[in-house]
Amino acid sequence: MFKTGQNPNYPRKGSQIKVEPIRDKRAITRIKKLLEDIPRENCIFILGINTAFRANELLSIRAEQVHMIEHGSYLDVKQKKNNKYRKVLLNQAATNAIQQLLASRHYKPEELLFQGQRGPITVPTINRMVKQWCKNVGLKGNYGSHSLRKTWGYWQRKGNNAPVPVLMEAFGHATQKQTLDYLGIEEKEIHELYLYEI
């Protein structure tokens, strides 16, 4: 047993561990297939990659906020980082996942949406889930709860050609550098820029 702060498997205080977005669309499809019959996990994954809410923001959603949700509804969630609300327009995949979860068990209006056997689940639990899902579909690399948010940004840029300033606003970032760090830009992409002849 290690004393507090001496476990070599944990990062030093103040340091950061960077997690990656899921860059492989086939892996995303495989994770969806893996989770399709597990409403809670499916909803966490689908909401995470379709809304860019942080894990703690997802975990703050209450049944009463989503009980009448439908495609095109807005979901307003308070950000712990700055105490501001962030309003997100829900797509069909997100509303379907919420509706599947709501139909899977009885919720009291004030109850948190994501429950475990002993009450509401935690961010470390989501972190473990994401690592396991990625491992189960054969992804190599460092993944965690923040990978869901980063996956949203990566595919908005890569598949939807979303401009960085728009993504910066959507993420609620203070600087473009912070947003660029999120987008999973690889060295290879930068090198390919130099191959384009003007």
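Is arginine 54 buried or exposed? Arginine 54 is buried, with a relative accessible area of 9%, where buried means under 20% relative accessible area, exposed over 50%, and partly exposed in between, with a 1.4 Å probe and protein chains only.

Before I go on, a word on the model. This is a predicted model, in which local features need pLDDT of at least 70 and side-chain atom pairs count only at pLDDT 80 or more, while totals for chains, interfaces and linings use all residues. Residues are numbered from 1 along each chain as its sequence is written, and side-chain values use heavy atoms, with hydrogens and water left out.

Let me start with the overall picture. The protein chain has 10 helices and four strands, these being DSSP runs numbered from the N terminus, with helices taken as H or I of at least four residues and strands as E of at least two. Read from the N terminus, the order is α-α-α-α-β-β-α-β-β-α-α-α-α-α. Of the 198 residues, 41% count as buried, and the chain exposes about 12700 Å², of which carbon and sulfur atoms supply 52%; these areas come from the Shrake-Rupley method with a 1.4 Å probe, and for residues only the protein chains shown count as cover. If we take contacts with a separation of 6 or more, residues 24 or more positions apart account for 59% of them, a contact being heavy atoms within 4.5 Å.

Now to the charged residues around arginine 54. The structure holds seven salt bridges, each defined as a side-chain nitrogen of Lys or Arg within 4 Å of a carboxyl oxygen of Asp or Glu. In one of them glutamate 57 pairs with arginine 54, and the closest N and O atoms are 2.6 Å apart; glutamate 57 itself counts as buried, at 1% relative accessibility. Arginine 86 also forms a salt bridge with glutamate 57, here with the closest N and O atoms 3.9 Å apart. That pair links distant parts of the chain, since arginine 86 lies in strand β2 and glutamate 57 in helix α3, 29 residues apart. Through shared partners, the salt bridges join Arg54, Glu57 and Arg86 into one network.

For another setting, consider the salt bridge between glutamate 36 and lysine 33, whose closest N and O atoms are 3.0 Å apart. There glutamate 36 is partly exposed, with a relative accessible area of 35%, and lysine 33 is exposed, at 57%.

The side chain of arginine 149 does reach the backbone oxygen of alanine 52, at 2.5 Å. Beyond its neighbours within four places in sequence, arginine 149 is in contact with residues including Arg54, Arg86 and Phe171. Helix α7 as a whole is mostly covered, with 12 of its 14 residues buried.

Technical notes:
A polar contact is a pair of N or O atoms within 3.5 Å; within protein, one must be able to donate a hydrogen and the other to accept it, and residues adjacent in sequence count only if both atoms are side-chain atoms.
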